[in-house]
Amino acid sequence: MREMQTISENTRQPAAHMPIPGHIDPVPVPREVTPREDGKIDLIGLPRKQIADIFAEAGLDAKAAKLRAKQVYHWLYHRGVTEFEAMTDIAKTMRPWLAERFVIGRPEIVEAQVSNDGTRKWLLRTADKHDFEMVFIPDADRGTLCVSSQVGCTLNCRFCHTGTMRLVRNLTPGEIVGQVMLARDSLGEWPKAGGTMAGLDFDDDDSEAEDDGMYTADGRLLTNIVMMGMGEPLYNFDNVRDALKLVMDGDGLALSKRRITLSTSGVVPMMARAGAEIGVNLAVSLHAVTKEVRDEIVPINRKYGIDELLQACADYPGASNARRITFEYVMLKDKNDSDDDARELIRLIKQYNLPAKVNLIPFNPWDGAAYECSTPERIKRFAEIVFAAGISAPVRTPRGRDIDAACGQLKTSAEKKSRAELDRLAEEKQAALG
Ligand code: SAH
Ligand code: SF4
């Protein structure tokens, strides 16, 4: 993901010096719970069981700890409250006990921007002062939140601005789920009292979601999540899984796994686990169909080649024609955009018999990038060839260009907005900036 210009310069270093990680996850293991100066524990990111354990350690007997944890969990993740005082079914005397020991955290907002096309972008900061970003893209039929998994990235895809940054650290489960919670705060989308998750086609087997109630939505419901922000989610597997479990839990944020997509540059050894333990939709940053070109632009290809990657896609549990694997393909002029490339892409998808769709992403240029975007005619021709083979190949339209939000994943088809909607967005923009 292309980061905001405001991210500190010292996080950058030349891409050519970055190592290609091996089978062992090379990134530092993050703290489980962010230690705070006041000694309080941030509950966000913790599952119900861990909240109960912490309550027991703090002095509640096992039965009370379990009951309180269940109540608090519901308030935290399902209702989105940020004060213990708001937890009305917890005894008044108990609430100060909680507030003295625990906090309900959110990432700090450094900057919030609203594009004239309605795209919103936030620059966020961890408690230990590392900046990362999150983007919300409203569309006619959905609202997609693009969530980060790491600050920086260990990989160094040559066309990606995040690839020019060193990895600062993995985001914790709390910082990952916290992004979704913050977006719901900003969009005013927590369920009202008595309400639940209406409108989300929540159909997980392991869910306890109810299907009535209502949102306090402002008309642009956050319906989908894509793990396509900064970082490689499969190099922060445990935290991404733990965060997404809270997002998918019916008594948590209650978003269906069918509305969540995880994008990987091709960390082959982790793909089967992602399918088994998370089970969300898979997107793969393919971007090239020959070893030579993919080695150059997505260097993890030198470790896990195209055939290995496509075999892992073929083995991905849950992939079907109804739940196809998305292949992201950035359009780079004279690099990966020829008719032959398109035909080879079709051949590979057919060879592995993959239920696939292809997202063609016009390259989003940044200062110092070694590539240019393919011409619109070239992209159109490429799309036609793939489409003629029976494979869906939409071209992503850039979004949020005026706030620099556009990057590979942050493009969805532009929608024509009514005058009233434009006025509303302009007002919101004023409010957000003012
Ligand atoms: N690390 C993961 C997810 C984050 S990147 C991955 O690589 O899949 C999300 C998508 O945006 C990837 O497909 C990535 O290759 C693409 N992307 C990154 N920079 C881009 C740019 N400048 N223009 C177009 N697409 C870009
Ligand atoms: Fe960018 Fe994704 Fe490559 Fe990391 S893995 S450098 S985020 S495209």
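Contact, in this talk, means heavy atoms within 4.5 Å.

The model is a predicted one, in which local features need pLDDT of at least 70, side-chain atom pairs count only at pLDDT 80 or more, and totals for chains, interfaces and linings use all residues. Residues are numbered from 1 along each chain as its sequence is written, chains are lettered from A and ligands numbered from 1 in the order in which they are written, and side-chain values use heavy atoms, with hydrogens and water left out.

I begin with the overall picture. The protein contains 11 helices and 13 strands; helices (H or I, at least four residues) and strands (E, at least two) are DSSP runs, numbered from the N terminus. Of its 434 residues, 57% are buried. Buried means under 20% relative accessible area, exposed means over 50%, and partly exposed lies in between, with a 1.4 Å probe and protein chains only. Among contacts between residues at least 6 apart in sequence, 69% join residues at least 24 apart.

Next, the helix pairs. Two packed helices are described by the angle between their axes and the distance between the axes. Axes are lines fitted to C-alpha atoms, for helices over the stretch in contact, and angles run from 0 to 180 degrees between N-to-C directions.

How do α9 and α10 lie relative to each other, roughly parallel or oblique? Their axes come within 9 Å and cross at roughly 30°, and α9 and α10 are therefore roughly parallel. Angles under 35 degrees count as roughly parallel, over 145 as roughly antiparallel, 65 to 115 as roughly perpendicular, and the rest as oblique. On the α9 side, Asp-339, Asp-341, Ala-342, Arg-343, Leu-345 and Ile-346 meet Arg-378, Arg-381, Phe-382, Ile-385 and Val-386 of α10. By class, this contact of α9 with α10 has six nonpolar, no polar and five charged residues. Here Ala, Val, Leu, Ile, Met, Phe, Trp, Tyr, Cys and Pro count as nonpolar, Asp, Glu, Lys and Arg as charged, and the others, Gly among them, as polar.

The other pair is α1 (residues 48-57) with α2, whose axes come within 8 Å and cross at roughly 130°. The two are therefore oblique to each other. The α1 residues Arg-48, Ile-51, Ala-52, Phe-55 and Ala-56 meet a set in α2 that includes Ala-65, Ala-69, Val-72 and Leu-76. Nine nonpolar, no polar and four charged residues make up the contact of α1 with α2.

Helix α2 spans residues 62-78 and holds Lys-63, which is exposed, at a relative accessible area of 72%. Between Lys-63 and Ala-52 there are 9.1 Å from C-alpha to C-alpha, at a separation of 11 residues in sequence.

Two loop residues deserve attention. Phi of Ala-254 is near 60°, a positive value in a residue other than glycine. Ala-254 sits in the loop between α5 (237-248) and β10 (260-264). Is Ala-254 buried or exposed? Ala-254 counts as buried because its relative accessibility is 0%. Asp-334 likewise has a positive phi near 60°, in the loop between β12 (325-331) and α9 (339-351). Asp-334, however, counts as exposed, at 69% relative accessibility.

Finally, ligand 2. Which residues are around it? They are Cys-153, Leu-155, Cys-157, Cys-160, Gly-163, Gly-231 and Ser-265, each having a heavy atom within 4 Å of the ligand. This shell divides into four nonpolar, three polar and no charged residues. Thank you for your attention.
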